[in-house]
Each structure stands twice: as C-alpha cells, then as structure tokens.
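Please look at the sequence and the structure first.

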Amino acid sequence: MALYELMSWMSPAFPVGAFSHSGGLEWVVEAGLVTDRISTEAWLEDSLSIGAAWNDCVAFVYAHRAAIAADFESFLEIADLALASLTSFERRLESTAQGEAFLRIAKVSAACDALEVLKPIRQGELAYPIAVACVAAGHKISLTDALIAYLHGTISNQISAAQRLVPLGQTDAQLAIAALRETVQSTAAEAASLQGDPVNHLRGGAFMADIACMAHETQYTRLFRT
C-alpha cells in the first residue's frame, strides 16, 4: 500500500503543476550549458549532491522525523528553514506553488492526522518537501522509501523539461533516469542518516543553478514558470 501511495503522489498525474517548472533549466539550455543527455545528467547530479535537491532532502528528513514524533515546534522550525533555503524568487515560487497544490489535493485524497502540524503555516509559505514529508509520515511510510520516491519525482520532472528544452528524445530521457539511479539512492541514504542541527547540513555549491533561476525571471522567451 505504501508503494502505491508513493507512486500516486509522485506521479505526473498528481496535480501539483510540476510540468510548468524547469528549475532554471530553461535558462541554462538557452545559455548553452546543457546541450545533451550527458550534460543533463551532470546538471541533475550537482543538484542532488550540492544543490537545491540536496537541501530539499535535508528539509524532508527533519520534517518527516518531526511529524512522526508529533513535535510541532521542530516541524515548524524546519518548515521555516526550508523556506529560507530557497535562494531566489523563482525557486520559492516553484516550491511553494507545488507545496500548496500537494497539500490541497492530499487533504482530499490522502488525509491523515499529521496534516494538523501544517495548520500554522501561512498560505504561500509551505515548501514542497515539507508537505510531502508530512503526508508520508502521516501514512507511516518509511523515510528512505519516501525520499527515494520524492527524488525520483524531482529528476523525472526535470528530465521531462529537458525533453522539451534540450531537446532529449524519449530513449535518452529514460537512459538519464537510469543513470541517476545510484545517485538518487546514495543521496537518499546519506540524507536519511543526518543528525544534529539541519542548518549544518545545507549545501550551496550549485551556484550556476541559483543564477539560472534568477536569470530566468527576465528571460525573453519562456515555456516554463521557473
């Protein structure tokens, strides 16, 4: 049942609007920094290891633990940290728009007691990993399984954007997803083992990704919101 729930929540059919976001990929393609499958994979590996996807993992881990423990204070602290870690207007837009959409649908299709912990968070301030972690915890889904599903959804959405932007063919898209399997698994395992202050685990080495999100705000022609 847990696998079925995860597949449903991370499916492109779950209406969080992920298809309308590229995470800055649209700008780096125009700038000639991502041009094929190999460079797409490298871009995503950096995000998973030292960029936005890693920071989402940190938030996810601590939010999941706090929700399991019904520790409202810690949960709200990590929710604030997740919001603060979004380094640009468009990163915040992307994460909070999907977070709000996920919560709205989850209330109807995946309701659980853990959703109570989200009530103090104001509209427009719920980061996507926080929402998913809360619901996963509420349904007693293990942290590692939930993380892997979340990261698989993240890279799948990015590769879907790359298919339209680079462009990548369907075969290259599947090869890219397969090539990132070990990185996703190792990232999830590392994040799930984190202890101590979550601030100490945040990383900001993917500078070009942050710049790309900022540059996308004024990009002349755009297919994506971010």
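On a 1 Å grid over the protein atoms alone, a pocket is an open set of points with protein on both sides within 12 Å along at least five of seven lines, whereas a cavity is a set where a 1.4 Å probe fits but cannot get out; lining residues have an atom within 4 Å of a point. Grid points are joined across faces, edges and corners, and a volume is the space filled by probe spheres set on the points. The model is predicted, so to speak of local features a pLDDT of at least 70 is needed and side-chain atom pairs count only at pLDDT 80 or more, while totals for chains, interfaces and linings use all residues. Residues are numbered from 1 along each chain as its sequence is written, and side-chain values use heavy atoms, with hydrogens and water left out.

**Pockets and cavity**

The largest pocket holds about 590 Å³ of space. It is lined by 29 residues, and M10, P12, H152, G153 and S156 are the closest to its centre. Two or more lining residues come from each of α1, α8 and α9 (170-179); helices here are DSSP runs of H or I with at least four residues, numbered from the N terminus. The largest share, ten residues, is from α8.

One cavity of 30 Å³ or more is counted. The largest cavity is lined by 27 residues, with D56, R91, E94, T154 and Q158 nearest its centre. Elements giving two or more residues to this lining are α3 (37-50), α4 (52-68), α6 (89-109), α7 (128-138), α8 (143-165) and α11 (207-216). Here α8 gives the most, with six residues.

The second largest pocket has E100, L103, R104, K107, L115, E116, L118, K119, I121, R122, Q123 and L126 as its lining.

The table sets out volumes and lining classes. Ala, Val, Leu, Ile, Met, Phe, Trp, Tyr, Cys and Pro count as nonpolar, Asp, Glu, Lys and Arg as charged, and the others, Gly among them, as polar.

| Space | Volume | Lining residues by class |
|---|---|---|
| Largest pocket | about 590 Å³ | 18 nonpolar, nine polar, two charged |
| Largest cavity | about 430 Å³ | 13 nonpolar, ten polar, four charged |
| Second largest pocket | about 230 Å³ | five nonpolar, one polar, six charged |

**Aromatic contacts**

Rings of Phe, Tyr and Trp (its six-membered ring) pair if their centres lie within 6.5 Å; planes under 30 degrees apart count as stacked, over 60 as edge-to-face and the rest as tilted. There are five aromatic pairs in the structure. The ring centres of W9 and F102 are 6.3 Å apart and the planes stand at 85 degrees, so this pair is edge-to-face. Because W9 is in helix α1 (residues 2-9) and F102 in helix α6, the pair ties together parts 93 residues apart in sequence. W9 and F102 are both buried, meaning under 20% relative accessible area with a 1.4 Å probe, protein chains only.

The F60 and Y150 rings have centres 5.4 Å apart and planes at 50 degrees, so the pair is tilted. F60 in helix α4 and Y150 in helix α8 are 90 residues apart, and their pair links distant parts of the chain. F60 and Y150 are buried. One aromatic cluster is formed by W9, F14, F60, F102, Y128 and Y150.

**Charges over rings**

A charge sits over a ring if NZ of Lys or CZ of Arg is within 6 Å of the ring centre and within 35 degrees of the ring normal. R203 lies over the face of W54, 3.9 Å from the ring centre. The charged end of R65 is over the ring of Y62, at 5.3 Å from its centre.

How values were computed:
Buried < 20%, exposed > 50% of the residue type's maximum accessible area, 1.4 Å probe, protein only.
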